[in-house]
Amino acid sequence: MTDLAPVKRALISVSDKTGLVDFAQALAARGVELLSTGGTAAALRAAGLDVRDVAEVTGFPEMMDGRVKTLHPAVHGGLLALRDDAGHQTAAREHGIGMIDLLVVNLYPFEETVAKGGDYAACVENIDIGGPAMIRAAAKNHAFVSVVVDVEDYDAVLAELDAQGGQTRLALRQRLAQTAYARTAAYDAAVSGWMAGAIGDETPRRRTFAGTLAQTLRYGENPHQQAAFYVTEGARPGVATARQWQGKELSYNNINDTDAAFELVAEFDPAEGPAVAIIKHANPCGVARGASAVEAYRRAYDCDRVSAFGGIVALNQPLDAETARAITEIFTEVVIAPDASDEAREVFAAKKNLRLLTTGGLPDPAASGLSFRQVAGGFLVQGRDNGRTMRDDLRIVSERKPSEDELADLLFAWQVAKHVKSNAIVYARGLATVGIGAGQMSRVDSTRIGRRKAQDMAEALGLAAPLTEGAAVASDAFFPFADGIEALAEAGARAVIQPGGSMRDEEVIAAADRLGLAMIFTGQRHFRH
């Protein structure tokens with residue numbers, strides 16, 4: 001396999017024409033002959049470049065609305081022929097096939113068509129056939145052919161041609177080939193994923209996922225683990241789409257926690273007022289609504305001031321200066337919000353290590369989607385937990401009915417519990433969390449941890465009693481025994497919301513009645529492992 005391969009002839013056929021003219025002009029200036037098709041050829045000619053049509057090379061016109069134009073031996077022979085194989089070169093000469101040394105192709109905008117809501121026919125029409133075929137051919141023959149599928153590689157190719165006297169090194173061609181195969185794989189993944197949805201196949205026999213490198217990370221969860229951040233197709237607002245205004249680059253744990261924070265705070269409609277979530281290790285340590293963003297932040301902070309140190313803060317509304325000043329009173333890793341005022345950014349400018357991200361919007365908590373997790377030998381795929389519980393979905397099972405204030409707190413706590421690691425217990429009063437127990441093997445332990453955190457905060461705030469007294473409580477899954485309800489009553493809770501469905505529901509309901517608690521069943525579980 002030779003190291004240096006000359007670039008004398010290029011075939012360019014692109015849907016995304018960003019940087020096209022400048023790149024083609026640079027190739028022509030280096031003596032590279034240009035072949036092209038359709039709209040790409042027209043754009044190059046409009047820029048004054050001498051371009052030869054692929055139809056002239058193949059002897060066949062583009063036909064069938066452009067579906068057939070490059071699927072021809074004159075093209076694929078030029079891409080696949082081994083330059084050091086006498087038989088290949090003899091066959092090429094006999095059939096008038098010229099070598100193609102550089103292929104520049106990006107594909108029909110299938111993903112964009114789907115994202116814009118294109119109908120079935122439009123999506124099918126935007127499935128590229130000739131492009132992937134040429135890309136795979138050129139990538140297979142990377143011993144001699146350079147293949148470019150990303151605009152980001154234009155400058156690297158030009159720099160290589162200059163450095164190597166109009167040639168490319170094998171190392172570059174190998175890297176370009178790897179990128180090319182990843183691109184066609186991602187394209188096919190997008191097509192197959194869309195088609196599974198279009199035909200209603202929720203568990204297709206083969207499932208693939210793909211992503212594009214957004215950031216090489218310093219390390220993963222721990223310093224000895226390598227890591228990188230890849231983004232998938234789609235426009236769901238969040239850490240993947242955010243603009244970072246300041247601060248050092250995000251770490252693996254920052255990205256994971258920031259995503260958890262923003263997905264949680266998005267549960268609360270900004271039209272109904274500000275909400276703030278403070279996250280630590282992917283679990284909320286405080287969530288609250290308020291008349292203003294700063295009030296919501298302070299109420300969330302007062303749930304667990306110790307854990308909030310070094311945490312992630314997410315807002316469901318644009319960040320203002322007053323809230324920014326409150327946030328800077330303690331060390332905070334990341335703040336994420338739909339937007340931030342100029343004054344808020346100025347406040348944060350003095351905190352060089354604090355990262356500020358703005359997303360331009362909130363993710364839709366009710367939107368469908370897939371989540372996946374690797375296990376040994378495979379991966380698990382499930383629908384995103386987009387379950388929503390409304391007032392009409394609730395079933396009061398206790399003798400005592402919750403008051404309107406208790407009902408509001410129950411629904412608030414239920415929305416938060418959806419984002420707390422199981423077993424999850426969330427105490428709430430006045431649309432603010434006042435104690436959270438997360439990630440325990442026993443639901444009773446989570447109940448006691450939430451109570452203990454509230455007791456600690458009562459001491460810190462100088463309160464006469466912990467705010468769990470009179471609180472509403474959400475449990476992400478059913479109570480298997482009455483001991484959990486008894487622990488809530490000991491904490492002073494007055495109402496509880498849970499899915500129900502235990503074999504001992506009657507025993508649990510009887511305990512609630514005996515202890516004077518209002519109890520609501522939702523019929524929906526929110527495990528989060």
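This structure holds 25 salt bridges, a salt bridge being a side-chain nitrogen of Lys or Arg within 4 Å of a carboxyl oxygen of Asp or Glu. This is a predicted model, where local features need pLDDT of at least 70, side-chain atom pairs count only at pLDDT 80 or more, and totals for chains, interfaces and linings use all residues. Residues are numbered from 1 along each chain as its sequence is written, and side-chain values use heavy atoms, leaving out hydrogens and water.

**Salt bridges to look at**

- K453 pairs with D304 in a salt bridge whose closest N and O atoms are 3.0 Å apart.
- That pair links distant parts of the chain, 149 residues apart: K453 sits in helix 17 (residues 443-461) and D304 in the loop between helix 12 (293-301) and helix 13 (305-308). Helices (H or I, at least four residues) and strands (E, at least two) are DSSP runs, numbered from the N terminus.
- D304 is buried at 9% relative accessible area, while K453 is partly exposed at 29% (buried means under 20%, exposed over 50%, partly exposed in between, with a 1.4 Å probe and protein chains only).
- R443 and D476 meet in a salt bridge of 2.6 Å, N to O, and both residues are buried.
- Salt bridges that share partners join R9, E33 and R52 into one network.

**A nonpolar surface patch**

- F209, L370, F372, F379 and V381 make a nonpolar surface patch of about 430 Å².
- Strand 16 (370-375) and strand 17 (378-383) each supply at least two of the patch residues.
- F209 lies in the loop between helix 10 (170-198) and strand 8 (212-217).
- Patches are made of residues with over 30% relative accessible area and no salt bridge; like charges are joined within 9 Å, and nonpolar side chains (Val, Leu, Ile, Met, Phe, Trp, Tyr) within 5 Å. Accessible areas come from the Shrake-Rupley method with a 1.4 Å probe; for residues, only the protein chains shown count as cover.
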